[in-house]
Structures are given as C-alpha cells and as structure tokens.
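The following paragraphs walk through selected parts of a structure. Please keep the sequence and the 3D view open while reading.

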Amino acid sequence: MKFYIALWFGKLINGLISIVDKSRGTNLAGEKAMKIDPRLVAHFKGIDPQKVLFITGTNGKSTTNNMIHHIFVNNGKNVVTNLEGANLIYGVATALIKASTMSGRVKGDYFIFETDERYVPVIRKQLPAANLLITNLQKDQVQRNGDPDYIYRKLMDATKLGDIKLFLNNDEPRAKSFDESGSKIVTYGAAKHADAFTKGDSYVTMACPKCHHKIVFDYYNNDGVGKFHCENCGHSSNETADYNVTDVDFENRKFKMDGIEFDMPYDTPYMLYNYAAALAVAKEFGGISLEDAAKAFGSFKNVEGRYEILKYKGKTIKYMRIKQENPETLQTCINVMASDPNRKMVALGLCPLIDMIPNYANSFYAFDCDLSKLVKSDVESYFCFSDRVCYDTANRFIYEGVDPDMISTADTEDVNIIFRKIEEAETDNIYLITWLHTYYTMRKYIDKEGNK
C-alpha cells in the first residue's frame, strides 16, 4: 500500500507542477514520493531489465540520451526516459511516475535513462538494467567527485550486480578498461579526422586504469579521447571499434559508418562520439538498422543550452556550455574557437562553484588546457568575467603569452556589463562561455530589450 500512496502523491505533484510550469520539477515528484516509499523504483510493474539502458559518464550523457531517444521515436519505438537531464534516482523515479498507470504499471518498449556516474550502483539496485553505456570518465567536480578513479571504482561495483551488456567508448582509456567486466562488450568510436591533434609532453595525460602506468595518446580526436595505449600492460583502444564513425567531413556536415552516409547535425568533434554511441545502441539494443537510424539525423536538435546562437545589435554571440571544473569540455570549446579563422572576441566566464557548501572557486581546469592555438588565432580581445574567478582566468591567458592590454576583467556576472563589453567589440563574431543561468538571463535580456 505504501507504494500506491507514494505513486499517487507523486502524480499529484506532477499534475500541480504541469499547471504552474511544465519545464520544472524534474526531480521533485520522485524525491517526495521516495520519502514515502524508499524502494519506489523497484516496485513499478511491467519493466523488463533486458529493455533497460543506463547512459553514464562525465561528458555526453544528456546529448547521447537525446540522440538515442530521437532515433528510437523516429523508428516507432515507445521510450520511457528522462530527457530533462534529472539523472539521480529521483529523476528516474519522476520519469516512471509520469509514464505509469495509477496501478504503477509502466508501458514502454524501452527504458533509457541518463544516470549520474555516482548513482548508477544506487539506481541499479532498484532497477537492474541489463545494459550500460559509458561515455567517458574524466576530471569533473572535484569537490563532489574527487578523482575520476573514485567514480571508476563505483561504476566497477555497479557492473558486478548481475550480468550486464556494456557499450564502451573505444577511444577513452577509463571507459574502454571495462572491457573485461560485462557479459557482452560493444565498442564505439571514431577514426582520426581533420581536427585531430597531439599534445606536447608538458601537458597532463593519465594513469592507466588497469596498471597505473602512463597512457600515451597517438592523437586526440577530442581532448582526452583518441587512439591510445599503455606503455606497460598494453591496454589500448581497439584498432577499429565495433561501431566506428569514418569519413568525417565537417565542412559539408557528413560522416559515414559502414559505408552509410549520415547528416551531421552538429559539426563539432566531440559530437562524433555521441553519434557513434547512439548508432551502436540503435542497432544492438533497439534492432534499428543503420539505414533507418540515418533517416533521423537530419531532424535532430540537441537539448537547449549546449550550443546556441544569440543575435544582439549586429553581433553574433556563439554560446558554448561547459561543465565547470571539467578540462575536457573547456578544451573542446577552446579548440572550436581556435579553428575559426575569422576575427573574434572571446568572453570567458569561469565561475565559482555553488553546488555544495562551502562554495569555492577552483580554476585548475583552465590550467590543464592548451590555449596556444586559440592565442595564435585571430582574437581581437579577451573578456574575463564572473565573481573572483575572472582574475585567475585573465592570468591563465597572460601565462599563455597574451598581451594584458588585450584582456579586460569584470568581477561580476551582471548581464548589463557583459553586453556593454560585447557592444564595444569591433568584431561581430563573439564566443561566450558561462553558466547556463547567465546565458538564460542574457537571452531574456535580449527578448525584453531587443536590439535597440
């Protein structure tokens, strides 16, 4: 009876939220319902574990989940998922509450959930997913997660909770090292492309997750991801992944897999691994052919706020969202800016972290990145803003050899000041990195003020 009370209470909360604001409350119903029944997720009926997939990792969870959902729905599949990105157990519970009947029976062909790396063992104890996709395991939110090896150990424990089929990033050392842990292994990856790069010995690499010796990258397709090998134990990317993106043409936004041509909805290198992962899941998990999956690519639009364009007083502002404290995502954005041959202004708002108390300002991830190509490109000016961290950001550019006269700082996230500085730029090509909430505030400002 406790389950039914919790379920109905959750449905009531969802109903009230839908009246107030349908975009909010992605955790609330599940959180409150699980206070009544802590094992709520385990009590839903009609869920076949073989039809359940968890998507986890440091970067790319939301995009991969959205891509997979788009392909499945476009091929007539009924999918229960958490597209809003609420990836703790409460988010999964909320999604199931929404999709279930009043008796707690959930009707769906597939159950696909983005899951926080730390919570996979917790969620899998209640919902024993038989399939797990790992995107990558990299430095992220050190106050919360510590070292990536801590997350690695938690995920390794999760794979021991019964048989599990693993979808692994062939070109990321930690994800690939799970290749001895699953009942079946499917790898996905990307061939070397035109934007691949190498790094000098002065930049950090990583310890092999199997023997703790040095990992060597022959090249990077994306920061922290590429063809690699361990100099000691031989742990390495396979020569070719089971599902491998090839013939990448960024200019014409096309790529191939097994000779089949695909549209490239977003022409950035890091998206290639999201595409490869989605296609591997579509074929292996959903029984969708590559030909049928290809038909969905032309209409895919990623979750709002990852990469957006704002128009303001003749300026084109290219907003790129990153996970704060994550050098790989910051490096990816730096590479995108550096590859633009046009004159540009760089507005970089690395911010204090407010997820946990005490709040703190940590800018180590900017120092892990290689800024040399960006600095050598045609940059008109650098604008570093945000509370306190703006000075560290400015120093990072100075250490890279940028003339301090090209750098301005603002110890604030006041959008009026940000827009004023953008207006002062001679170029109309503006790159912006900041918190998502600052981006939303900027967008609302433009909607309200227009371009007057």
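Where is the place of serine 377? Serine 377 lies in the loop between helix H13 (372-376) and E15. Helices (H or I, at least four residues) and strands (E, at least two) are DSSP runs, numbered from the N terminus.

This is a predicted model, in which local features need pLDDT of at least 70, side-chain atom pairs count only at pLDDT 80 or more, and totals for chains, interfaces and linings use all residues. Residues are numbered from 1 along each chain as its sequence is written, and side-chain values use heavy atoms, with hydrogens and water left out.

Serine 377 counts as buried, at 16% relative accessibility; buried means under 20% relative accessible area, exposed over 50% and partly exposed in between (1.4 Å probe, protein chains only). A polar atom of the serine 377 side chain lies 2.5 Å from the backbone oxygen of leucine 374. If residues up to four places away in sequence are not counted, serine 377 touches Ala338 and Lys344, where contact means heavy atoms within 4.5 Å.

Strand E15 (379-385) is also part of what covers the buried residues of H15. Helix H15 spans residues 415-424, and its buried residues are Val415, Ile418, Phe419 and Ile422. Seen down the axis of H15, these buried residues fall within an arc of 95°, so they line one face of the helix. The arc is that of the directions from the helix axis to the C-beta atoms. An α-helix has 3.6 residues a turn, so residues three or four places apart point the same way. Besides strand E15, the cover over the buried residues of H15 includes strands E12 (307-312), E13 (315-320), E14 (344-348) and E17 (429-433), together with helix H16 (436-449). At the N-terminal end, aspartate 414 caps H15, with a side-chain oxygen 2.8 Å from the backbone nitrogen of asparagine 416.

Helix H16 contains histidine 437, which counts as partly exposed at 44% relative accessibility. The C-alpha atoms of histidine 437 and leucine 330 are separated by 18 Å, the two residues being 107 apart along the chain.

In helix H10 (residues 290-297) the buried residues are Leu290, Ala293, Ala294, Ala296 and Phe297. They cover an arc of only 155° around the axis, which puts them on the same side of H10. Their cover includes helix H3 (61-74), E10, strand E11 (260-263) and H9.

Next come the rings. Rings of Phe, Tyr and Trp (its six-membered ring) pair if their centres lie within 6.5 Å; planes under 30 degrees apart count as stacked, over 60 as edge-to-face and the rest as tilted. By this rule there are 23 aromatic pairs. One of them joins phenylalanine 217 and phenylalanine 228, which are tilted, at 6.1 Å centre to centre and 55° between the planes. This pair links distant parts of the chain, with phenylalanine 217 in strand E7 (residues 215-217) and phenylalanine 228 in strand E8 (residues 228-230), 11 residues apart. Phenylalanine 217 is buried, with a relative accessible area of 13%, and phenylalanine 228 is buried at 1%. The rings of phenylalanine 255 and tyrosine 275 have centres 5.4 Å apart and planes at 5°, so that pair is stacked. Phenylalanine 255 belongs to strand E10 (residues 254-257) and tyrosine 275 to helix H9 (residues 271-284), 20 residues apart. Phenylalanine 255 counts as buried at 0% relative accessibility, and tyrosine 275 counts as buried at 0%. Elsewhere, ring pairs link Phe3, Tyr4, Trp8 and Phe44 into a cluster.

Asparagine 221 is found in the loop between E7 and E8 and is buried, with a relative accessible area of 2%. Its side chain makes a polar contact with the side chain of tyrosine 273 at 3.1 Å and reaches the backbone oxygen of alanine 191 at 3.3 Å. A polar contact is a pair of N or O atoms within 3.5 Å; within protein, one must be able to donate a hydrogen and the other to accept it, and residues adjacent in sequence count only if both atoms are side-chain atoms.

Finally, consider strand E1 (residues 52-56). Five of the five residues of E1 are buried, so the strand is largely enclosed by the rest of the structure. Val52, Phe54 and Thr56 lie on one side, with Leu53 and Ile55 on the other. E1 pairs with strand E3 (residues 110-114) in the parallel sense over four bridges, and phenylalanine 54 stands opposite phenylalanine 113 in E3. Two strands pair if DSSP finds at least two bridges between them. Four bridges also join E1 to strand E4 (residues 131-134), and these two run parallel; the bridge partner of leucine 53 in E4 is asparagine 131.
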